[in-house]
Amino acid sequence: MDKTAKGINTICTHVGELEDREFRGAVSPLYMSTSYAYEEVDVKRYPRYFNTPNQEALCRKIAALEHTESALIFGSGMAAVSTSLLAFLQKGDHLVIPRQIYGGTYNLLAEEFGKYGIEYTLIDWSGVSDFENAIQPNTRVCYLETPSNPLLSLTDLEAVANLARSRGIKTMIDNTFASPVNQNPRDFGIDIIIHSATKYMGGHSDICAGAVAGSKEDVDRIFHLAKNLGGSLSDYTVWLLERSLKTMGIRVKAQNENALQLARFLSKHPHIDRVYYPGLEGHPGHEIAKKQMHGYGGMLSFELAPSIDRRAFMKSLKWIKASMSLAGVESTLLAPSQTSHGLLSPEEREQAGIREGLIRFSAGIEDFEDLRSDLTQALDRALSTKPAALPKT
Ligand SMILES: *Cc1c(COP(=O)(O)O)cnc(C)c1O
């Protein structure tokens, strides 16, 4: 039998798994050893060399999920982001990157890159022409995040990959929001794919990890820096992440389905002003999404009408938790004006399109009807608590 798995759920369940030759158990054994024989062995193994049996097994699964030759796993998403960027950028090099990037990645540039003499240009919109206009003779990397946080704007992967390749520039994507279930950037020519595995890969809000996938050559280059920086993931968490990935396909499909239904429901709600979701036909990136995504994802954002008191709305929810982070099996939401964009001035927020009433929603796997009734009752309550306008006399 040809054991090359093709379907996403089969890859999630089986690819890379370690065989338990001794007891023939059904799941990968966990090897916690930090000390391995060095004589008469093919590979000298050590956790910080990213090559323990469980690490290698999980990397095979992640490479298969992202349609790449090779992969590496890290102790956090930011370890994956920082190691990948620094592996391809040195003093005097230049990076093109959208301003609407994950906050931690932005802080890495703003707080650290100056020390290393690495230059960067923040682009305001991430269309292909914005990348093109920002490219300089010393540009080595174009970095993307699509769909973006929190307004879910889309970038055409193929167009940016072609542009960069024609100039000899590497492309990297933070593919966290889409997950490998909804988007495989390698198929469109992107070189290096990065994930915060803390999000959809882990999926239960209880694991912090990161991953990188790409060609063997590119991943080897990242590995050489990674073993010096030391951001490896503990084998116990590696094993838990393997378990989480087994259900990623079905989890994310359920999250996609809930997000789409919620986006449709909210866009008809009288007290919701706007909904941002790539699966809606009116979304400016809808055509790009159809071309490059298998599903539209579990993340959406919406704006509460001025008639709704945001705090009262968030407090009145029964199942849906106001919570940082995203992508767990439980639905969560947050107000970007209070969290990721809380340090900006009101004018800067307005310019970035982050209004007071903007809510970012991470759809879980609960039943849609329960999510809908929770949102409905919270919106009703938040409407009645808003101080009434003075009666006309
Ligand atoms: C959370 C997140 C990261 C950082 O991952 P950590 O695991 O928190 O280090 C990077 N990019 C995106 C899009 C994220 O959501």
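This is a predicted model: local features need pLDDT of at least 70, side-chain atom pairs count only at pLDDT 80 or more; totals for chains, interfaces and linings use all residues.
An oxygen atom of the ligand sits 2.8 Å from a polar backbone atom of Met78. Next comes Gly77, where a polar backbone atom is 2.9 Å from an oxygen atom of the ligand. Ser196 contributes through its side chain: a polar atom there lies 2.9 Å from a ligand oxygen. How much of the ligand does the protein bury? Taken alone, the ligand exposes 380 Å², and the protein buries 91% of that.

Now look at the residues around the ligand. They are Ser76, Gly77, Met78, Tyr102, Glu145, Asp174, Thr176, Ser196, Thr198, Lys199, Ala209 and Leu326. Sort this shell by class. Five of its residues are polar, four are nonpolar and three are charged.

Move on to the salt bridges. Side chains of opposite charge can pair when their charged atoms come close. The structure holds 14 salt bridges. One joins the side chains of Lys291 and Glu158, at 3.6 Å from N to O. Lys291 counts as partly exposed because its relative accessibility is 41%, and buried would mean under 20%. Glu158 is also partly exposed, at 35%. Both residues belong to a network of salt bridges that includes Asp156.

A second bridge pairs Arg310 with Glu356, and their closest N and O atoms are 3.2 Å apart. It too links distant parts of the chain. Arg310 is in helix 12, while Glu356 is in the loop between helix 13 and strand 12. Are these two partners buried or partly exposed? Arg310 is buried, with a relative accessible area of 11%. Glu356 is partly exposed, at 46%.

Arg355 is partly exposed at 33%. Glu350 is partly exposed at 46%.

With 48% relative accessibility, Met32 counts as partly exposed. Together with Leu30 and Tyr236, Met32 makes a nonpolar surface patch of about 280 Å². Gly16 has its place in that loop between helix 1 and helix 2. Gly16 is buried, because its relative accessible area is 14%, and the limit for buried is under 20%. From Gly16 to Gly210 the C-alpha distance is 18 Å, with the two 194 residues apart in sequence.

Notes
Residues are numbered from 1 along each chain as its sequence is written. Side-chain values use heavy atoms; hydrogens and water are left out. A residue is near a molecule or strand if one of its heavy atoms lies within 4 Å of it. A polar contact is a pair of N or O atoms within 3.5 Å; within protein, one must be able to donate a hydrogen and the other to accept it, and residues adjacent in sequence count only if both atoms are side-chain atoms. Accessible areas come from the Shrake-Rupley method with a 1.4 Å probe; for residues, only the protein chains shown count as cover. Ala, Val, Leu, Ile, Met, Phe, Trp, Tyr, Cys and Pro count as nonpolar, Asp, Glu, Lys and Arg as charged, and the others, Gly among them, as polar. Patches are made of residues with over 30% relative accessible area and no salt bridge: like charges are joined within 9 Å, nonpolar side chains (Val, Leu, Ile, Met, Phe, Trp, Tyr) within 5 Å. A salt bridge is a side-chain nitrogen of Lys or Arg within 4 Å of a carboxyl oxygen of Asp or Glu. Buried means under 20% relative accessible area, exposed over 50%, partly exposed in between (1.4 Å probe, protein chains only). Helices (H or I, at least four residues) and strands (E, at least two) are DSSP runs, numbered from the N terminus.
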